[in-house]
Structures are given as C-alpha cells and as structure tokens.
Amino acid sequence: MDDLRDKYITAIADAADEAALEDIRVQAVGKKGEISLKMRELGKMSAEERQTAGPALNALKDEINSAIAAKRAALADAALDERLRGEWLDVTLPARHRRRGTVHPVSQVTEEVTAIFADMGFAVAEGPRIDTDWYNFDALNIPTHHPARAEMDTFYMHRAEGDDRPPHVLRTHTSPVQIRTMEARGAPLRIICPGGVYRADYDQTHTPMFHQVEGLAIDRDISMANLKWVLEEFFAAFFEVDGIKTRFRASHFPFTEPSAEVDIQCSWVNGQLRIGEGDDWMEVLGSGMVHPKVLAAGGIDPDEWQGFAFGIGIDRLAMLKYGIPDLRAFFDSDLRWLRHYGFSALDVPTLHGGLSR
Ligand code: DAH
C-alpha cells in the first residue's frame, strides 16, 4: 500500500501537463486502474483481512483523487500566468498613424452647430438623459393625458411595485433642458442644448436613440422675426449656401404659441438631393414663441419676458449635409462606415477655418 502511495503521489507531483495527469488518473483509479483492481480483490479476502484492507484502499483512492485535483488547479493557474505574461501589452504606446480613429459625423455636426450658434452669442447648456416626466412633459405644457405623450413612444424607467413616485423617463427630446436652464439662470437667456434623446422607434430614418439640438432665446422684446433671422443665418452657415430660402408653416407644439415648422429650399436632380437651390422644400425643424406656461414653469415671469425656441435633429442634419442614406448605420459601430464617413480629429470646425472638409 505504501509503495502504491509513493509511486502515484510522486508521479502526480511530477506531471508536466493536464494530459500526463489524466494518464496517471486512469492508471491509478480508472476503471481498470491499479487501485481499482486491488479493490476488486477484496472479495477474495477473509473477513478480517477485508476489515483493514478495505478502508485503507478507500483512503488511498481519496488521497490520490485529491492530489490530482490540487495538481490540476495548480497547472491551470500556471497556464493562466503564462498566458498573462505572453499577452502583456503597453497601452501607453502612441497610436499608429494610419490606424488613427475618426470623429463620428454626429460629433462633427454637433461641433459645427455649436460653432455657428456660439458666433451668434448662444451658450451651450446640458441636461440629464434620464429625467422626470415633469421636466420632459408637464413643464412643457404637456399634461398627463395630452395626446403628445402617447405620440412620443416614451421609454419609462422601471419602478419597484408600490413605489408611486412620478416616473422617470428617457428624455424624448432636448426641450426639458429649456426648463432646467431657465430655473438655473433666469432671464435673459440665449442657449443651445445638444444631446441624445430616446424614442421606441426603429426604421431607416428612426433609431431608439438619436440626437437633437434645442435653441432658446429669451429677452424683453424677442419676436418671430429674430427667430427667422437666426435660423436663416444658421442654415446659410451650416449648408454653406448664401441666401438659402426658408419657409415657415403654421404648426402646433404644446410648448410654443404660435408654432411653426420650418422647411429649407432644395431640389432633386436625378434622384440626388441638393440643399439651398430649386423649388422643393425639405422640413428640418420645429419652432415657435415660447408658451407663457412654459416660461412660468421655468420660473420666468411671462408678463416681463418672451422668447423663441426651436428643435432640430442633429443626425438628420448630418444625413442631409453629408449624403448619408441610412440613420441606423450611425450607431452600428461598423469600422468601414466610420472610416468612410468619419472626420479627421484635427479638422475642428470653426467659422474662420471652415466648417467641413
Ligand atoms: N421637442 C420637439 C420634438 O422633439 C421639437 C421642438 C419643436 C422643439 C418646437 C422646440 C420647438 O423647442 O419650439 O419633436
């Protein structure tokens, strides 16, 4: 018994790898292993002999099995250490020139829009992507049963059962940042709010997450005329077409009164869209004079102040300007797409340096 123990414990300790260890296991405690065969001989022994040999053989079998398990774990640890040593890499190395990443069209267009509005004195304001339904709806004059809530395909955050605080939502538009900024800074105000928004919708021109930029100007005597001038300046600079025509169509939004949807001049030549020429129109944004209830919700006295607001889809602007046909590709992280439509990181858009390549 001692000889058997010495033989196998030494062999296990010396096993160089998993395969060698498995061979030893089969030889010792496998079905036809040396110890298993010895156990079969128990039947031929006298009752007395069996009483000592049986437990001793069982103990030896257990000892060998646990030695094998311990060795197997040690071999696995050693293999992992070896692999970690081999796969080490220096993350502080500089990027290789030709593999440098590109700036995503959404980031590029956000920078372009920001540069244009900054030139007209608009500051950038931000708000949370998860907001209360008060900021996203009520404060914007969309009360609980207003049809606009149903139309928005809102994502509601989960609430534990019995928790009846008002729900949080993934903001469906950037308009709640109007309210947050009014509360934080008061009037007068001249801001844009770019950022991600969410709606449960998916097809060639809709993704569940997309980007908008909100505009808001509040002062004592702001009018629709100021809105029109600001938007025309913006379109001329953004699409790089002087004298681009706009069309204001009467519309309805709960948060503005009056409200207008704005179209820009365009043409279709052989199925190709050209912005800033021709007799067709392309809808690009919603806008209007801020509703007195919205000013009041933001803590601003509507008898003293008034202003305009607008909301534009950033991804849509990028598609129109850079001829990108499918919105879904924006968020697929396909490297070939990103290399094709991406911008050089050193191409920072400015009005003096040029907005695009
Ligand atoms: N929040 C609107 C939407 O997501 C867009 C919008 C329309 C914003 C009119 C405005 C506005 O500020 O005045 O569809």
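At 2% relative accessibility, D131 counts as buried, where buried means under 20% relative accessible area, exposed means over 50% and partly exposed lies in between (1.4 Å probe, protein chains only). The residue sits in strand β2 (residues 130-132), and its side chain is joined to that of R180 by a polar contact of 2.7 Å. A polar contact here is a pair of N or O atoms within 3.5 Å; within protein, one must be able to donate a hydrogen and the other to accept it, and residues adjacent in sequence count only if both atoms are side-chain atoms.

The model is predicted, so local features need pLDDT of at least 70 and side-chain atom pairs count only at pLDDT 80 or more, while totals for chains, interfaces and linings use all residues. Residues are numbered from 1 along each chain as its sequence is written, and side-chain values use heavy atoms, with hydrogens and water left out.

**Ligand site**

- The ligand is surrounded by 15 residues, of which the closest are H173, S175, R199, Q212 and E214; a residue is near a molecule if one of its heavy atoms lies within 4 Å of it.
- The shell divides into four nonpolar, nine polar and two charged residues, with Ala, Val, Leu, Ile, Met, Phe, Trp, Tyr, Cys and Pro counted as nonpolar, Asp, Glu, Lys and Arg as charged, and the others, Gly among them, as polar.
- At least two residues of this shell come from each of β5 (209-219), β9 (280-290) and β10 (306-313); helices (H or I, at least four residues) and strands (E, at least two) are DSSP runs, numbered from the N terminus.
- An N or O atom in the side chain of S175 lies 3.0 Å from a nitrogen atom of the ligand, and one in the side chain of R199 lies 2.8 Å from an oxygen atom of the ligand.
- F310 takes part through its backbone, with an N or O atom 3.4 Å from an oxygen atom of the ligand.
- Of the 360 Å² of accessible area that the ligand has on its own, the protein covers 90%, as computed by the Shrake-Rupley method with a 1.4 Å probe.

- Helix α5 (residues 105-119) has 15 residues and reaches 21 Å from its first C-alpha to its last, close to the 21 Å expected at 1.5 Å a residue, the expected span being 1.5 Å times one less than the number of residues.
- This helix is mostly covered, since 11 of its 15 residues are buried, among them P105, V109, E112 and F117.
- Just after α5, G121 takes a positive phi of about 90 degrees.
- Q27, in helix α2 (residues 18-29), is partly exposed at 47% relative accessible area.

**Backbone features**

- A cis peptide bond with omega of about -5 degrees joins A187 and P188, and P188 is found in the loop between α8 (176-185) and β4 (189-198).
- Another cis peptide bond, with omega of about -5 degrees, joins E257 and P258, the latter being in strand β7 (residues 256-269).
- E240 has a positive phi near 55 degrees without being a glycine, and this residue of the loop between α9 (224-239) and β6 (246-253) is partly exposed, with a relative accessible area of 46%.
- S333, which is not a glycine either, has a positive phi of about 55 degrees; at 60% relative accessibility, S333 counts as exposed.
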